[in-house]
Amino acid sequence: MTRKLLSGDEAVARGAWEAGCRVAAAYPGTPSTEILEAISTYKDIYSEWSTNEKVALEVALGASISGARALAAMKHVGLNVAADPFFSAAYIGALGGFVIVTADDPGLHSSQNEQDNRFYGLMARVPVLCPSNSQECRDYTMRAFAISEEFDLPVLIRLTTRVAHSSGIVEVGERTEVPLKPYEKKVTKNAILPAFAKVRHVDLEKRIDRVAALSLQDEFNRIEPGSVDLGIISDGVCYHYAREVYPDASFLKLGMVWPFPGETVRRFAATVKELLVVEEVDPFIELQVRALGLKVTGKDRLPRTNEMSQRALRLSMGLPAEKAEPETGVTARPPALCPGCPHTGIYFALQNQKAFIGGDIGCYTLGVMPPHSGMDTCVDMGASITVAHGTDKALGATDQRPHVAIIGDSTFFHSGVTGLINTVYNKSNVITIISDNRTTGMTGHQNHPGTGQTLMGSFGTIIKPEEIAKACGVKTVVVVDPYKVKETRKVVRELLAKKEPAVIVNRRACALHIRLHNPPFKVDPEKCDGCKTCIRLGCPALSFDNGKAHITATTCVGCGMCADVCPEGAISASPKSNVQSPKSSAGSPS
Ligand code: SF4
Ligand code: SF4
């Protein structure tokens, strides 16, 4: 055994590699993204960014059906997208070990909700493992593959942000090559038609009963005796918080939270005077403890929202907080698009259009804030187009506003395409803007079908959103460069005025991805008349002082958008800049 410093995500990847995993698929999403990024460094595993989580889960399921060990990873809301095959996968089972990792985000660090995916295991009848640190991430992943094959079941590993992103020393081993299990055509198992599925459901309950027996005996669910006055049941990172706050208490540390180890809980409860369940977000463990008829303290005292912490636990339980919240010394500021972000140009073009704008998930979601105020809704991946379609249908001729959807390139491939087909098929007048910054920006610049580069490094066909739009039946498809703000605004206003279905692809690479860093632009105070047109761009490098615009040279990346919109010609490139005018600004659309 050697030791490595690994994050939880990296440890899952290591465990998968050591366990002989052959296929891994994911769609990036914080806090799960690094699992596939780490797996891609192990060349024994075929790895891919799939177009969405449903696709990723089905890819891994296909590999498992064919006899290979396979893994699919996603953030918590990704499992909603993949829920359809997830439930069916439980019926089908696993020939090659099949592990699904969901990384939940209590506290919504980078998510639209705080859902607790332990419930998915209960609903789908799939075992759920909850590691509490990096070592367990590696160990549980390896065990999950073995359990999956032994019990003919997919296994769900549930991480949370703190487990996924914090690092710890991990004892690691070498890879064990696990031969492909011989594939046999078994339609009664793998084709879940109603007649076959009825039988498989009965079989699923038997398989789960067998795992339930394992959960009572296995090392996952560990009693740690301490004071008889208080017994704490906990899982994941909450176990460590509770251990710090109550060092003398007795503990039942749960690693397999479903099937629920009821007999172990009863045995533990009999040894202590009081029971406390410490868990994040929902009362998943608590509900099952209560269902055993045991008296327990849980969410009646502890918070149901946000992350758990030592401090939150102490305060909820009426214990003195050891110390005040650490002073970060960082001044709070509203979220903003980056200097040089191409989404800035399209939001400027949309200003004052009195449009209903359906928004989507990605960096451009920051456009919801002033001065852009560039979206009315944000629901989930792909919902921009479908929500705008719904409002267009509901309001119809009674509404004078154009109905617009704004969606990123990666999100368009993820789940925007079906919505676009729906608008064409069902005839609505939605103007769809695909904000194509040539990468998956929000999660750290992963490739996608529009970049043509795969996770394993090969280059292939670049799939163009404008060609997909035409193939979907959209007649008016225009590609614009959002750095040419005035031109972009002209196109947007013309199309919005027509109230006909159209697609605008605004293409310009993410300023961080291509590391745009031209010499800063500057304002000529003699020419500036203080109209604030440039300020409406929302670029963080622009400010207003003493009636004049000002550019912070250290923040400006020299994109030239402000110069394009200034009606007085008061903004220009620095003499050292190679950017001569906004129309030839650095970084051509690719
Ligand atoms: S747009 Fe031009 S004139 Fe108006 S405030 Fe900005 S720099 Fe000054
Ligand atoms: S050139 Fe203008 S718009 Fe671009 S980063 Fe600099 S200040 Fe912002």
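How many bridges join strand S10 to strand S11, and do these strands run parallel or antiparallel? In this predicted model, in which local features need pLDDT of at least 70, side-chain atom pairs count only at pLDDT 80 or more, and totals for chains, interfaces and linings use all residues, residues are numbered from 1 along each chain as its sequence is written. Side-chain values use heavy atoms, with hydrogens and water left out, while chains are lettered from A and ligands numbered from 1 in the order in which they are written.

Strand S10 (residues 227-235) is joined to strand S11 (residues 249-254) by 6 bridges, and the two run parallel. Strands (E, at least two residues) and helices (H or I, at least four) are DSSP runs numbered from the N terminus, and two strands pair if DSSP finds at least two bridges between them. Within this pair, isoleucine 233 stands opposite leucine 252 in S11. Both strands belong to an open sheet of 4 strands, ordered S9-S11-S10-S13, with mixed pairing. Strand S9 (222-224) and strand S13 (274-278) form the edges, each pairing on one side only. On average, neighbouring strands of this sheet are turned by 20° against each other, direction ignored. Helix H12 (residues 262-269) packs on the sheet and touches S9, S10, S11 and S13, contact meaning heavy atoms within 4.5 Å. The direction of H12 makes about 175° with that of S11; axes are lines fitted to C-alpha atoms, for helices over the stretch in contact, and angles run from 0 to 180 degrees between N-to-C directions.

A further packing concerns helix H16 (residues 383-395) and helix H17 (residues 409-425), whose axes come within 7 Å and cross at roughly 25°. H16 is therefore roughly parallel to H17, a term for angles under 35 degrees. Ile385, Thr386 and His389 in H16 meet Phe412, Gly416, Gly419, Leu420, Asn422 and Thr423 in H17.

An unreviewed UniProt entry lists Cys528, Cys531, Cys534 and Cys566 under "binding site"; such annotations may be inferred rather than shown by experiment. Cysteine 528 is placed in the loop between strand S20 (521-523) and strand S21 (542-545), and cysteine 531 lies in the loop between S20 and S21. Cysteine 528 is buried, with a relative accessible area of 9%, whereas cysteine 531 is partly exposed, at 40%; buried means under 20%, exposed over 50% and partly exposed in between (1.4 Å probe, protein chains only). Leaving aside neighbours within four places in sequence, cysteine 528 is in contact with Val523, Lys548, Ala549 and Ala570.

Conventions
Angles under 35 degrees count as roughly parallel, over 145 as roughly antiparallel, 65 to 115 as roughly perpendicular and the rest as oblique.
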